[in-house]
Amino acid sequence: MDNDSLIEQFVQYLMIEKNASGHTINNYTRDLQQFNEFLQNQTVGRFAEVTYLLVRTFLAELNAKEYARKSVSRKLSALRSFYLFLLREEVIASSPFSYIKTIKQDKKLPNFMYMEEMQALLQAPDNKTPLGSRDLAIIEILYASGMRVSELVQLDLQSVDLYLGIALVFGKGAKERYVPLGDHSIQAIQNYLAIGRNKLARDVNDQALLLNYNGTRLSDRSVRRIIDKYVKQISQSRNISPHTLRHTFATHLLEAGADLRTVQELLGHVNISTTQIYTHVTRDHLQSIYNRAHPRA
(Lines give C-alpha, C1' and ligand atoms only; values in the text may rest on other atoms or scores of the structure.)
Protein backbone atom coordinates (compact mmCIF):
# COMPACT_ATOMS: atom_id res chain seq x y z
CA MET A 1 0.00 0.00 0.00
CA ASP A 2 1.39 3.46 -0.90
CA ASN A 3 2.22 6.11 1.67
CA ASP A 4 -0.69 8.43 0.85
CA SER A 5 -3.18 5.60 1.37
CA LEU A 6 -1.62 4.76 4.74
CA ILE A 7 -1.90 8.39 5.84
CA GLU A 8 -5.53 8.42 4.74
CA GLN A 9 -6.25 5.23 6.72
CA PHE A 10 -4.55 6.71 9.79
CA VAL A 11 -6.68 9.87 9.54
CA GLN A 12 -9.82 7.70 9.42
CA TYR A 13 -8.56 5.85 12.50
CA LEU A 14 -8.05 9.15 14.36
CA MET A 15 -11.51 10.36 13.42
CA ILE A 16 -13.52 7.20 14.05
CA GLU A 17 -11.69 5.24 16.75
CA LYS A 18 -9.74 7.93 18.61
CA ASN A 19 -12.37 10.67 18.21
CA ALA A 20 -9.53 13.17 17.76
CA SER A 21 -10.21 16.87 17.34
CA GLY A 22 -10.07 18.52 13.93
CA HIS A 23 -7.07 20.54 15.12
CA THR A 24 -5.12 17.37 16.00
CA ILE A 25 -6.05 15.67 12.74
CA ASN A 26 -4.94 18.66 10.64
CA ASN A 27 -1.63 18.97 12.50
CA TYR A 28 -0.87 15.24 12.35
CA THR A 29 -1.72 15.11 8.64
CA ARG A 30 0.69 17.96 7.88
CA ASP A 31 3.40 16.33 10.01
CA LEU A 32 3.05 13.01 8.20
CA GLN A 33 3.07 14.67 4.80
CA GLN A 34 6.25 16.54 5.75
CA PHE A 35 7.87 13.28 6.84
CA ASN A 36 6.76 11.62 3.60
CA GLU A 37 8.37 14.42 1.56
CA PHE A 38 11.56 13.97 3.59
CA LEU A 39 11.54 10.24 2.76
CA GLN A 40 11.16 10.94 -0.95
CA ASN A 41 14.16 13.29 -0.82
CA GLN A 42 16.09 10.51 0.92
CA THR A 43 15.05 8.08 -1.84
CA VAL A 44 13.20 5.94 0.69
CA GLY A 45 9.99 4.80 -0.93
CA ARG A 46 7.84 3.44 1.88
CA PHE A 47 7.12 4.14 5.53
CA ALA A 48 7.95 0.50 6.25
CA GLU A 49 11.55 1.07 5.13
CA VAL A 50 12.28 3.78 7.71
CA THR A 51 15.14 3.02 10.13
CA TYR A 52 16.19 4.47 13.46
CA LEU A 53 19.12 6.28 11.77
CA LEU A 54 16.77 7.82 9.21
CA VAL A 55 14.58 9.15 12.01
CA ARG A 56 17.68 10.72 13.60
CA THR A 57 18.48 12.33 10.25
CA PHE A 58 14.97 13.77 10.06
CA LEU A 59 15.27 15.22 13.58
CA ALA A 60 18.66 16.70 12.71
CA GLU A 61 17.09 18.38 9.67
CA LEU A 62 14.34 19.89 11.85
CA ASN A 63 17.00 21.14 14.24
CA ALA A 64 18.98 22.69 11.37
CA LYS A 65 15.83 24.51 10.25
CA GLU A 66 15.45 25.83 13.83
CA TYR A 67 12.05 24.34 14.58
CA ALA A 68 10.82 25.10 18.08
CA ARG A 69 11.00 22.26 20.61
CA LYS A 70 7.23 22.28 20.94
CA SER A 71 6.80 21.78 17.17
CA VAL A 72 9.37 18.98 17.03
CA SER A 73 7.73 17.30 20.02
CA ARG A 74 4.34 17.37 18.29
CA LYS A 75 5.81 15.94 15.08
CA LEU A 76 7.36 13.12 17.08
CA SER A 77 4.03 12.47 18.77
CA ALA A 78 2.30 12.30 15.39
CA LEU A 79 4.90 9.92 13.97
CA ARG A 80 4.91 7.69 17.06
CA SER A 81 1.13 7.39 16.90
CA PHE A 82 1.27 6.69 13.17
CA TYR A 83 3.85 3.92 13.56
CA LEU A 84 1.91 2.35 16.42
CA PHE A 85 -1.03 2.29 14.02
CA LEU A 86 1.15 0.61 11.37
CA LEU A 87 2.20 -1.97 13.96
CA ARG A 88 -1.43 -2.66 14.82
CA GLU A 89 -2.28 -3.06 11.14
CA GLU A 90 0.76 -5.36 10.71
CA VAL A 91 2.25 -3.13 8.04
CA ILE A 92 5.54 -3.15 9.99
CA ALA A 93 7.08 -5.55 12.50
CA SER A 94 8.76 -2.90 14.70
CA SER A 95 8.70 0.87 15.07
CA PRO A 96 11.84 2.95 14.36
CA PHE A 97 10.51 5.45 16.93
CA SER A 98 10.67 2.99 19.84
CA TYR A 99 14.11 4.20 20.94
CA ILE A 100 13.64 7.90 20.18
CA LYS A 101 13.47 9.85 23.45
CA THR A 102 10.77 12.39 24.08
CA ILE A 103 12.05 15.95 23.74
CA LYS A 104 12.20 17.78 27.04
CA GLN A 105 10.06 20.89 26.90
CA ASP A 106 11.04 24.25 28.31
CA LYS A 107 8.71 25.05 31.18
CA LYS A 108 7.00 28.31 30.34
CA LEU A 109 4.78 29.84 32.99
CA PRO A 110 1.33 30.80 31.67
CA ASN A 111 0.59 34.48 31.23
CA PHE A 112 -2.30 35.74 33.37
CA MET A 113 -3.99 39.03 34.26
CA TYR A 114 -4.10 40.69 37.67
CA MET A 115 -7.50 41.45 39.13
CA GLU A 116 -7.39 45.17 38.28
CA GLU A 117 -6.43 44.34 34.68
CA MET A 118 -9.30 41.88 34.43
CA GLN A 119 -11.75 44.43 35.80
CA ALA A 120 -10.59 47.00 33.24
CA LEU A 121 -11.08 44.52 30.40
CA LEU A 122 -14.58 43.63 31.62
CA GLN A 123 -15.55 47.31 31.65
CA ALA A 124 -14.24 48.02 28.14
CA PRO A 125 -17.15 46.79 25.92
CA ASP A 126 -20.28 48.95 25.50
CA ASN A 127 -22.92 46.41 26.52
CA LYS A 128 -25.76 48.63 25.25
CA THR A 129 -24.95 47.82 21.60
CA PRO A 130 -25.46 44.45 19.84
CA LEU A 131 -21.75 43.84 19.21
CA GLY A 132 -20.70 45.29 22.56
CA SER A 133 -23.15 43.06 24.43
CA ARG A 134 -21.78 40.05 22.55
CA ASP A 135 -18.17 41.04 23.30
CA LEU A 136 -18.86 41.41 27.01
CA ALA A 137 -20.57 38.00 27.00
CA ILE A 138 -17.45 36.52 25.38
CA ILE A 139 -15.09 37.97 27.99
CA GLU A 140 -17.39 37.07 30.89
CA ILE A 141 -17.84 33.48 29.69
CA LEU A 142 -14.10 32.92 29.17
CA TYR A 143 -13.22 34.34 32.58
CA ALA A 144 -16.10 32.67 34.44
CA SER A 145 -15.65 29.19 32.97
CA GLY A 146 -12.02 28.86 31.89
CA MET A 147 -13.13 27.21 28.65
CA ARG A 148 -10.94 27.22 25.57
CA VAL A 149 -11.80 29.55 22.68
CA SER A 150 -12.42 26.50 20.47
CA GLU A 151 -15.00 25.36 23.05
CA LEU A 152 -16.52 28.84 23.30
CA VAL A 153 -17.23 29.26 19.59
CA GLN A 154 -18.85 25.79 19.44
CA LEU A 155 -21.50 26.76 22.00
CA ASP A 156 -25.07 26.55 20.77
CA LEU A 157 -28.13 28.10 22.36
CA GLN A 158 -29.05 24.77 23.95
CA SER A 159 -25.51 24.35 25.31
CA VAL A 160 -26.16 27.01 27.94
CA ASP A 161 -28.59 26.58 30.85
CA LEU A 162 -28.96 30.03 32.38
CA TYR A 163 -31.32 28.77 35.09
CA LEU A 164 -28.77 26.27 36.41
CA GLY A 165 -25.85 28.52 35.49
CA ILE A 166 -23.88 25.92 33.54
CA ALA A 167 -22.66 25.30 30.00
CA LEU A 168 -21.99 22.01 28.24
CA VAL A 169 -18.71 22.19 26.32
CA PHE A 170 -16.94 19.75 24.02
CA GLY A 171 -13.24 19.66 24.84
CA LYS A 172 -10.26 17.97 23.25
CA GLY A 173 -11.10 14.59 21.81
CA ALA A 174 -14.78 15.64 21.82
CA LYS A 175 -14.96 14.97 25.56
CA GLU A 176 -17.96 16.60 27.22
CA ARG A 177 -17.89 18.48 30.50
CA TYR A 178 -20.13 20.94 32.32
CA VAL A 179 -18.65 24.25 33.46
CA PRO A 180 -20.19 26.88 35.76
CA LEU A 181 -20.94 30.33 34.40
CA GLY A 182 -21.42 32.56 37.45
CA ASP A 183 -23.86 35.44 37.97
CA HIS A 184 -21.98 38.09 36.00
CA SER A 185 -21.54 35.80 33.02
CA ILE A 186 -25.23 34.81 33.11
CA GLN A 187 -26.28 38.47 33.19
CA ALA A 188 -23.99 39.26 30.25
CA ILE A 189 -25.44 36.36 28.21
CA GLN A 190 -29.01 37.41 29.05
CA ASN A 191 -28.25 40.97 27.98
CA TYR A 192 -26.66 39.75 24.72
CA LEU A 193 -29.65 37.52 23.96
CA ALA A 194 -32.03 40.41 24.65
CA ILE A 195 -30.38 43.21 22.66
CA GLY A 196 -27.63 41.63 20.56
CA ARG A 197 -28.20 38.23 19.10
CA ASN A 198 -31.62 38.87 17.57
CA LYS A 199 -30.23 41.87 15.69
CA LEU A 200 -27.18 39.95 14.49
CA ALA A 201 -29.04 36.76 13.46
CA ARG A 202 -29.92 36.25 9.79
CA ASP A 203 -31.18 32.68 9.96
CA VAL A 204 -33.75 31.88 12.67
CA ASN A 205 -32.68 28.22 12.49
CA ASP A 206 -29.03 28.96 13.30
CA GLN A 207 -28.34 27.58 16.78
CA ALA A 208 -24.91 29.18 17.31
CA LEU A 209 -24.80 31.21 20.53
CA LEU A 210 -22.18 33.73 19.42
CA LEU A 211 -22.65 35.38 16.04
CA ASN A 212 -20.52 37.73 13.96
CA TYR A 213 -21.82 40.85 12.22
CA ASN A 214 -22.81 38.70 9.22
CA GLY A 215 -25.07 36.61 11.42
CA THR A 216 -22.98 33.44 11.25
CA ARG A 217 -21.05 31.55 13.93
CA LEU A 218 -18.09 33.43 15.37
CA SER A 219 -14.64 31.95 14.65
CA ASP A 220 -11.59 31.44 16.90
CA ARG A 221 -9.73 34.11 14.96
CA SER A 222 -12.56 36.62 15.38
CA VAL A 223 -12.50 36.14 19.16
CA ARG A 224 -8.76 36.87 19.10
CA ARG A 225 -9.39 40.13 17.20
CA ILE A 226 -12.14 41.12 19.64
CA ILE A 227 -9.89 40.61 22.67
CA ASP A 228 -7.04 42.48 20.95
CA LYS A 229 -9.34 45.46 20.34
CA TYR A 230 -10.28 45.84 24.00
CA VAL A 231 -6.75 45.18 25.23
CA LYS A 232 -5.59 48.16 23.15
CA GLN A 233 -8.46 50.26 24.53
CA ILE A 234 -7.31 49.72 28.10
CA SER A 235 -3.72 50.56 27.12
CA GLN A 236 -2.28 47.13 27.83
CA SER A 237 1.11 46.82 26.16
CA ARG A 238 1.77 43.18 27.10
CA ASN A 239 0.57 40.16 25.16
CA ILE A 240 -2.96 39.19 26.24
CA SER A 241 -4.86 36.60 24.23
CA PRO A 242 -8.17 34.77 24.72
CA HIS A 243 -6.14 31.90 26.22
CA THR A 244 -4.80 34.36 28.80
CA LEU A 245 -8.32 34.49 30.23
CA ARG A 246 -8.21 30.70 30.71
CA HIS A 247 -4.91 31.07 32.57
CA THR A 248 -6.38 33.94 34.60
CA PHE A 249 -9.42 31.84 35.54
CA ALA A 250 -7.23 29.04 36.90
CA THR A 251 -4.77 31.35 38.66
CA HIS A 252 -7.46 33.39 40.40
CA LEU A 253 -9.24 30.23 41.57
CA LEU A 254 -6.08 28.80 43.12
CA GLU A 255 -5.21 32.14 44.71
CA ALA A 256 -8.65 32.15 46.32
CA GLY A 257 -8.09 28.69 47.81
CA ALA A 258 -9.58 26.28 45.23
CA ASP A 259 -7.99 22.83 45.25
CA LEU A 260 -5.98 21.60 42.28
CA ARG A 261 -8.30 18.68 41.47
CA THR A 262 -11.31 20.99 41.12
CA VAL A 263 -9.40 23.31 38.80
CA GLN A 264 -8.26 20.29 36.78
CA GLU A 265 -11.87 19.18 36.27
CA LEU A 266 -13.04 22.69 35.36
CA LEU A 267 -10.27 23.13 32.80
CA GLY A 268 -10.84 19.67 31.32
CA HIS A 269 -7.23 18.57 31.80
CA VAL A 270 -6.71 14.82 31.50
CA ASN A 271 -3.61 14.83 33.72
CA ILE A 272 -3.22 16.87 36.89
CA SER A 273 0.41 17.50 35.94
CA THR A 274 -0.89 19.87 33.26
CA THR A 275 -2.77 21.84 35.91
CA GLN A 276 0.16 21.94 38.33
CA ILE A 277 1.90 24.62 36.28
CA TYR A 278 -0.53 27.12 37.83
CA THR A 279 0.80 26.39 41.32
CA HIS A 280 4.13 27.87 40.17
CA VAL A 281 2.31 30.98 38.99
CA THR A 282 0.47 31.48 42.27
CA ARG A 283 3.64 30.80 44.27
CA ASP A 284 5.53 33.44 42.30
CA HIS A 285 2.62 35.84 42.69
CA LEU A 286 2.50 35.35 46.47
CA GLN A 287 6.26 35.85 46.66
CA SER A 288 6.03 39.14 44.76
CA ILE A 289 3.25 40.36 47.08
CA TYR A 290 5.36 39.40 50.10
CA ASN A 291 8.40 41.20 48.70
CA ARG A 292 6.38 44.37 48.14
CA ALA A 293 4.44 44.29 51.42
CA HIS A 294 6.78 43.00 54.11
CA PRO A 295 9.07 45.66 55.60
CA ARG A 296 11.94 43.22 56.04
CA ALA A 297 11.51 41.21 52.81
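A search of the whole structure, which is a predicted model, finds 14 aromatic pairs, where rings of Phe, Tyr and Trp (its six-membered ring) pair if their centres lie within 6.5 Å. The ring centres of Tyr13 and Phe85 are 5.1 Å apart with planes at 35°, so this pair is tilted (planes under 30 degrees apart count as stacked, over 60 as edge-to-face and the rest as tilted). Because Tyr13 lies in helix H1 and Phe85 in helix H4, the pair ties together parts that are 72 residues apart in sequence; helices (H or I, at least four residues) are DSSP runs, numbered from the N terminus. Both residues count as buried, meaning under 20% relative accessible area with a 1.4 Å probe and protein chains only, as tabulated here.

| Residue | Helix | Relative accessible area |
|---|---|---|
| Tyr13 | H1 (residues 3–16) | 17% |
| Phe85 | H4 (residues 69–88) | 4% |

Tyr13 and Phe85 also belong to one aromatic cluster, whose members include Phe10, Phe82 and Phe97.

The axes of H1 and H4, as lines fitted to C-alpha atoms over the stretch in contact, come within 11 Å and cross at roughly 95°, and the two helices are therefore roughly perpendicular (65 to 115 degrees; under 35 is roughly parallel, over 145 roughly antiparallel and the rest oblique). With contact meaning heavy atoms within 4.5 Å, Leu6, Ile7, Gln9, Phe10 and Tyr13 in H1 meet Ala78, Ser81, Phe82, Phe85, Leu86 and Arg88 in H4.

Residues are numbered from 1 along each chain as its sequence is written. Local features need pLDDT of at least 70 and side-chain atom pairs 80 or more, whereas totals for chains, interfaces and linings use all residues, and side-chain values use heavy atoms, with hydrogens and water left out.

Methods:
Buried < 20%, exposed > 50% of the residue type's maximum accessible area, 1.4 Å probe, protein only. Axes fitted to C-alpha atoms, helices over the stretch in contact; angles between N-to-C directions.
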